[in-house]
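Please read it alongside the model.

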Amino acid sequence: MYLDGARMAPVTQDIEGYNYVLYFLMAVGAVMFIMGFLGCCGAFQESQCMLATFFALVFVLFIGQIGAGIWLKSNEERFKKLAEESMAKAIQHDYGYNDLKTQAFDVIQSELQCCGSMGPTDWADARFNGANDGNAVDIGIAGKLDSYSTPASCCNTAYGSGCDAARKLLISATVPKAIYTDGCAKKMLKLIETYSYELLAVVGAILLIEVLAMIFSMVLCCTVRRIDHVKA
């Protein structure tokens, strides 16, 4: 009995990745709170320092969003591959063990009419089928099995109860029509592309608000400075 470090590495990396995302969101929330505080207090107190700091933070956020958009556009294929790999890892390690992710995957598969990240065969590597569960890791035997099952959310509702028997698949067998054959990663990316104009409109509106916030903060800051000169 031994612990297979190579098998545990992806799980550890996923945990670290989720922690990084959590820390990033916490940092963004803190920055947004500080920005709101500086903007409100700076305007109320007529403080040039607060207004200038507010302008600087909004400007940095604005430049960061522009840079992120340029990076995504120039690395579109890399982003797609990363999305596919991330979903595949989550399916392999989390489905059936993390209630929130399990429910999310079931909704995604049933609503988008898809199965797995790239296809139904992704489930052959999943802990859901015991391929990479804790016991397999302990004894150093982990990997694909001779047969595997897909979740009920992979069932094509058009085939009714006939899907229950089709869910248990052999590795070498062709996926039956009662199971969705399209991968969810590709379906989700296609959905994003379908609503790309709406997303761009939302992003554009956010950027416009940020530009207006910078303009108003500078106008107010200059006005406060002139008033101070007059009082002096």
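1. The largest pocket is lined by 18 residues, and G69, L72, I192, L199 and L200 are those nearest its centre. On a 1 Å grid over the protein atoms alone, a pocket is an open set of points where a 1.4 Å probe fits, with protein on both sides within 12 Å along at least five of seven lines, and lining residues have an atom within 4 Å of a point. Two or more lining residues come from each of α2, α3, α7 (184–194) and α8 (196–231); helices are DSSP runs (H or I, at least four residues) numbered from the N terminus.

2. The space in this largest pocket amounts to about 880 Å³, a volume being the space filled by probe spheres set on grid points joined across faces, edges and corners. Its lining comprises 11 nonpolar, 3 polar and 4 charged residues. Here Ala, Val, Leu, Ile, Met, Phe, Trp, Tyr, Cys and Pro count as nonpolar, Asp, Glu, Lys and Arg as charged, and the others, Gly among them, as polar.

3. As to provenance, the model is predicted, with local features requiring pLDDT of at least 70 and side-chain atom pairs pLDDT 80 or more, whereas totals for chains, interfaces and linings use all residues. Numbering starts from 1 along each chain as its sequence is written, and side-chain values use heavy atoms, without hydrogens or water.

4. Helix α2 (residues 48–74) packs on helix α3 (residues 76–94) at about 85°, with the axes 4 Å apart. Axes are lines fitted to C-alpha atoms over the stretch in contact, and angles run from 0 to 180 degrees between N-to-C directions. The two helices are therefore roughly perpendicular, a label covering 65 to 115 degrees. W71, L72, K73 and S74 of α2 meet E76, R78 and F79 of α3, contact meaning heavy atoms within 4.5 Å.

5. α4 and α7 pack at about 70°, their axes 10 Å apart. I108, Q109 and L112 of α4 make the contact with C184, K187, M188 and L191 of α7. By class, this contact has 5 nonpolar, 1 polar and 1 charged residues.

6. The structure holds 5 aromatic pairs, defined by ring centres of Phe, Tyr or Trp (its six-membered ring) within 6.5 Å. Y95 and F105 form a tilted pair, 6.5 Å centre to centre with 50° between the planes; planes under 30 degrees apart count as stacked, over 60 as edge-to-face and the rest as tilted. Y95 lies in the loop between α3 and α4 (99–112) and F105 in helix α4, so the pair ties together parts 10 residues apart in sequence.

Key. Angles under 35 degrees count as roughly parallel, over 145 as roughly antiparallel, 65 to 115 as roughly perpendicular and the rest as oblique.
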